[in-house]
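Work through the exercises below with the sequence and structure at hand. Each solution goes step by step.

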Protein chains: 2
Amino acid sequence: MTTMTQTAFIVNGQPRDERPTNETFRIEPRTGVAFILRKGETLRVIDPEGEQVSDLTAFDAEDPDEWLSSGRTIDYANRIYIRQGDTLYSNRSNPMLSITHDTVNGHDFLLTPCSQEMFEKLYGITEPRPSCFSNLAKNLEPFGIAPDRIPTTLNIFMDVRPSSYTGELTIGAPNSQAGDYTEFTAQRDLIVGLTACSAEKSNNGSFKPIDFIIGTE
Amino acid sequence: MTTMTQTAFIVNGQPRDERPTNETFRIEPRTGVAFILRKGETLRVIDPEGEQVSDLTAFDAEDPDEWLSSGRTIDYANRIYIRQGDTLYSNRSNPMLSITHDTVNGHDFLLTPCSQEMFEKLYGITEPRPSCFSNLAKNLEPFGIAPDRIPTTLNIFMDVRPSSYTGELTIGAPNSQAGDYTEFTAQRDLIVGLTACSAEKSNNGSFKPIDFIIGTE
């Protein structure tokens with residue numbers, strides 16, 4: 001697959017020569033990255049300062065028409081909070097990622113990435129600003145993935161809690177403290193999009209970085 | 001748009017000459033339909049016998065890359081149970097359908113349509129059988145919509161209730177009694193896929209029909 005070698009790592013829409021592996025890479029506040037994660041490799045997503053959400057999505061590297069599905073994952077887990085031991089499934093019911101270590105064990109898979117339209121509808125903000133959606137779109141585009149293909153993301157560390165009676169959602173401060181992390185293992189070759197979330201109300205009022213480590217050993 | 005006039009109504013994968021309007025059309029058990037619903041038209045989805053789920057999805061008729069998004073809808077409703085007065089949004093944050101009348105007020109938007117793979121993983125059934133996914137795929141295909149484009153559906157009348165503490169899901173008998181209905185109004189020209197659900201465990205153990213009325217007046 002040509003895109004796999006040509007554009008293995010994208011930062012803020014710009015291709016880098018090489019993926020960082022077995023070392024920490026920092027996603028600056030309100031930005032994102034996309035990269036190839038090969039089968040068997042691990043992805044550790046770290047909250048270095050605490051209370052910061054990271055949106056993750058994934059596509060099959062060989063056939064990006066296969067995508068990470070919140071609906072399938074929730075159905076097979078029979079649980080809306082995704083945690084250590086769970087498998088994340090594609091729209092075709094194939095395993096894409098498993099969660100192999102997790103110091104937090106509470107991640108939202110209900111809400112879509114924050115976007116310009118969301119900021120307008122929910123915050124009343126109309127000035128252009130970065131969003132998880134624009135950051136995912138910008139970094140996935142070099143892999144040939146159009147913005148309309150971005151599904152509901154796994155919102156790592158995000159605290160979204162429904163009332164079981166009314167279904168009303170309460171969004172709390174993220175579940176993560178400084179140094180907390182979630183580690184995934186790829187079940188197939190993937191294109192992964194990852195952000196440091198741009199929605200202040202999801203991050204207890206501030207924008208912080210997200211660190212990650214691609215483990216190849 | 002040529003597809004809009006050529007294939008305005010599909011039943012079990014077969015095009016019909018005309019959409020039924022202002023009259024009841026029956027979706028037989030474990031089957032589905034797809035049709036054009038024009039802006040301002042209503043769609044009343046009726047459970048004629050009670051405790052039967054119907055899966056609904058929708059795409060913009062002019063640009064099917066725009067699709068009904070559970071994540072955007074849940075985010076803007078700030079609620080996981082969708083009910084009268086709510087608007088169903090696209091992935092681009094545009095209104096697609098509004099719920100203008102509803103005798104039930106409890107519909108699931110978390111789980112994906114039942115599929116062959118789901119029957120195998122959750123029920124241990126490997127023999128080929130109809131599913132909401134195959135019924136949606138078959139009827140949307142004449143509109144040029146590939147199976148991989150089917151998102152998380154609105155599962156009308158389906159009772160899926162998470163524990164707010166553990167996130168575990170409980171699937172109960174559908175919320176609908178015989179004659180209950182949910183009526184939508186189209187906010188733009190749409191391609192709609194609609195089924196009588198094929199998963200016995202979501203329908204209190206049996207397969208029943210679903211009725212619908214497209215209202216043009």
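**Exercise 1.** Determine which residues are linked with Asp60(A) in a network of salt bridges.

Solution. Take a salt bridge as a side-chain nitrogen of Lys or Arg within 4 Å of a carboxyl oxygen of Asp or Glu. Asp60(A) is then linked in a network with Asp63(A), Glu66(A), Arg92(A), Arg188(A) and Asp148(B). Next, take the pair Arg188(A) and Asp60(A): the closest N and O atoms are 2.8 Å apart. This pair links distant parts of the chain, 128 residues apart. Arg188(A) lies in the loop between strand E12 (180-186) and E13 of chain A, and Asp60(A) in strand E6 of chain A; helices (H or I, at least four residues) and strands (E, at least two) are DSSP runs, numbered from the N terminus. Finally, Arg188(A) and Asp60(A) are both buried, where buried means under 20% relative accessible area, exposed over 50% and partly exposed in between (1.4 Å probe, protein chains only).

The model is predicted: local features need pLDDT of at least 70, side-chain atom pairs count only at pLDDT 80 or more, and totals for chains, interfaces and linings use all residues. Residues are numbered from 1 along each chain as its sequence is written, chains are lettered from A and ligands numbered from 1 in the order in which they are written, and side-chain values use heavy atoms, with hydrogens and water left out.

**Exercise 2.** Give the strand order of the open sheet of six strands in chain A, and locate its edge strands.

Solution. Count two strands as paired if DSSP finds at least two bridges between them. The order is E2-E1-E4-E13-E6-E9, with antiparallel pairing. Strand E2 (14-15) and strand E9 (154-156) pair on one side only, which makes them the edges. Three bridges join E9(A) to strand E6 (residues 54-60) of chain A; Asp55(A) has Asn155(A) as its bridge partner there.

**Exercise 3.** Identify the buried residues of helix H3 (residues 116-123) of chain A and what they pack against.

Solution. The buried residues are Met118(A), Phe119(A) and Tyr123(A). They line one face of the helix, because they fall within an arc of 100° seen down the axis of H3(A); the arc is that of the directions from the helix axis to the C-beta atoms. Their packing partner is helix H2 (70-77) of chain B, with contact meaning heavy atoms within 4.5 Å. Just after H3(A), Gly124(A) takes a positive phi of about 75°.
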